[in-house]
Amino acid sequence: MGARMTLSPHMAYCEVEVMKEMTFAQKALARAAGKEYVDTGEIINANVDVAMMDDILGPRIEIAEGLKELEAEVWDKSKVVVISDHYTPPCEIKQAEAVKFTKAWSLEKQVDYHEYEGPCHQVLAEACYDQPGTLIVGTDSHTCMSGAFGAFGTGIGSTEMLGVLVTGQIWLKVPESYRIEWRNTLGRGVFAKDMVLHDCGTIGHSGATYKALEYCGEAIRSLSMDERMAITNMAVEMGAKAGYIPPDEKTLEYLEAHGGSRECQLLYPDEGAGYERNYVHDAASLVPQVACPHHVDNVHDVTEVEGTLLTQVYIGSCTGGRISDLRTAARVLKNKKVSKGMRLFVSPASREVYRMALQEGILDILAQAGAVIVAPSCGLCLGAHTGILAGGESCISTSNRNFIGRMGSKDAKVYLSSAATAAASAVEGRIADPRGYFAD
């Protein structure tokens, strides 16, 4: 515990101001506010390190006109990135016009622009915008995925983003934190997606509203960066403002491999930091998890729901389409065929992931099994295009939400799972326990 001493000229003793120990969220927001200490519940004026917009809630929604009305310019072009991902490739004129406007505005403002490269959160990671210790805001709720790198990432609305673009700052309330410890290591056929689905079922879809989730423990440390991203991505599915995994050698190796050269500050919670809640789970006893319709916290062990008939499987999105997910799916599907009548869509999480999967022969394995390989995109995840569901159909997906109408018809059903469970289900034509495919 730190202390700051001040000597009063009118007194013969020292006044000692004790600096309380802080969680990660407190440290990150103290840094962003230029303060030594911030307390939970405190409203701060934070300096933003990265401002990300997408094509669905980006420049064309309030922002472009707002800047004109204010006669203002972007405060720092080097800190703004725009990624067209939800409407790419467009399937209708309205979507095409949105992408056209987003691109034209970005080029005019001379900010970093990406399109047809995949979901924005994966692109942020690969472009090394996700730096430890930084404050990242984006017009998509899953911006919390940046927490896998030890950043404070959070989603904001278009009106808030307008303020950020003009001032470079945002008001934030310092959240209370939940500490989630995963002990031991995962068994065969069980993955990070199962861990976070279990957390959703335990905490509830609104049980962590405006909290920060801090993950720790042996099972978390053993995860690859791909799997860490799957965990922090879904912090918002419990209502959380941000997720966090302590940065380590794996974090720095990922950034180095992707050309990251920005200065960063590794932030860790103090040993005596206070948490509103503490959760302790045993990874070794976890079985594959499935979130059933129509809520992400309606979670069951796969053994409770296996055998449920399906019409479609989707492996992709910013939650479950990374190279590790595709490798897992290929392991299950190699020398096998998708069940007759089943549709299997595979969408690599980015152009880079697509290229890696192509070079490794993964896409060929999946295609030979009967998968349809589609472009890196958010399209199917939010029911915008590329494989949406009809009434009465059911899909198991590696994405992050299963709300009514999320992937198409309001009369369709969506289940959430790991890539392993999804791939096994594609083979069997019904929800399946994947552990048998990892026995050797």
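Let's start where two helices touch: Ile-323, Leu-326 and Arg-327 in α12 meet Val-353, Met-356 and Ala-357 in α13, where a contact means heavy atoms within 4.5 Å. By class, this contact of α12 with α13 has five nonpolar, no polar and one charged residues. For these classes, Ala, Val, Leu, Ile, Met, Phe, Trp, Tyr, Cys and Pro count as nonpolar, Asp, Glu, Lys and Arg as charged, and the others, Gly among them, as polar. The model is a predicted one, in which local features need pLDDT of at least 70 and side-chain atom pairs count only at pLDDT 80 or more, while totals for chains, interfaces and linings use all residues. Residues are numbered from 1 along each chain as its sequence is written, and side-chain values use heavy atoms, with hydrogens and water left out.

**Helix pairs**

- Helix α12 (residues 323-333) packs against helix α13 (residues 351-359) at an angle of about 35°, and their axes are 9 Å apart; helices (H or I, at least four residues) and strands (E, at least two) are DSSP runs, numbered from the N terminus.
- The axes are lines fitted to C-alpha atoms, for helices over the stretch in contact, and angles run from 0 to 180 degrees between N-to-C directions.
- The α12 and α13 crossing is right-handed; the term applies if the near helix is turned clockwise from the far one by less than a right angle, and left-handed is used if anticlockwise.
- For α2 and α3, the axes come within 11 Å and cross at roughly 35°, and this crossing is left-handed.
- On the α2 side, the contact is made by Pro-59, Arg-60, Ile-63, Ala-64 and Leu-67, and on the α3 side by Ala-98, Phe-101, Thr-102 and Trp-105.
- Those residues divide into seven nonpolar, one polar and one charged.

**The two sides of α2**

- In helix α2 (residues 59-70), the buried residues are Pro-59, Ile-63, Ala-64, Gly-66 and Leu-67; buried means under 20% relative accessible area, exposed over 50%, and partly exposed in between (1.4 Å probe, protein chains only).
- These residues lie on the same side of α2 because they cover an arc of only 165° around the axis, taken from the directions from the helix axis to the C-beta atoms.
- An α-helix has 3.6 residues a turn, so residues three or four places apart point the same way.
- Lys-68 and Glu-69 are exposed on the other side of α2.
- The cover over the buried residues of α2 includes β4 (50-54), β5 (80-84), α3 (93-109) and α5 (158-167).

**Cores and enclosed parts**

- The largest nonpolar core has 41 residues, and Trp-105, Leu-135 and Met-161 have the most contacts inside it; such a core is a set of buried Ala, Val, Leu, Ile, Met, Phe, Trp, Tyr and Cys residues joined through side-chain atoms within 4.5 Å.
- Helix α1 (residues 24-33) gives the largest share of this core, seven residues.
- A second, separate core of 40 residues includes Ile-203, Ala-235, Leu-389 and Ala-412.
- Leaving aside neighbours within four places in sequence, the contacts of Leu-135 include Leu-29, Ala-46, Val-48, Phe-152 and Ile-170.
- Helix α8 (residues 225-233) is largely enclosed by the rest of the structure, because nine of its nine residues are buried; among them are Asp-226, Glu-227 and Arg-228.
- Gln-312, in strand β16 (residues 312-316), is buried with a relative accessible area of 0%.
- Leaving aside neighbours within four places in sequence, Gln-312 has contacts including Met-342, Arg-343, Leu-389 and Cys-395.

**Loops and backbone details**

- Asp-39 sits in the loop between α1 and β3 (43-47) and counts as partly exposed at 31% relative accessibility.
- The C-alpha atoms of Asp-39 and Lys-173 are separated by 9.4 Å, although these residues are 134 residues apart along the chain.
- The peptide bond from Thr-88 to Pro-89 is cis, with omega near -10°, and Pro-89 lies in the loop between β5 and α3.
- Pro-293 and His-294 are also joined by a cis peptide bond, with omega about -5°.
- Gln-110 is not a glycine, yet has a positive phi of about 60°; Gln-110 is exposed, at 57% relative accessibility.
- Asn-335, in the loop between α12 and β17 (343-347), has a positive phi near 65° and is exposed, with a relative accessible area of 78%.
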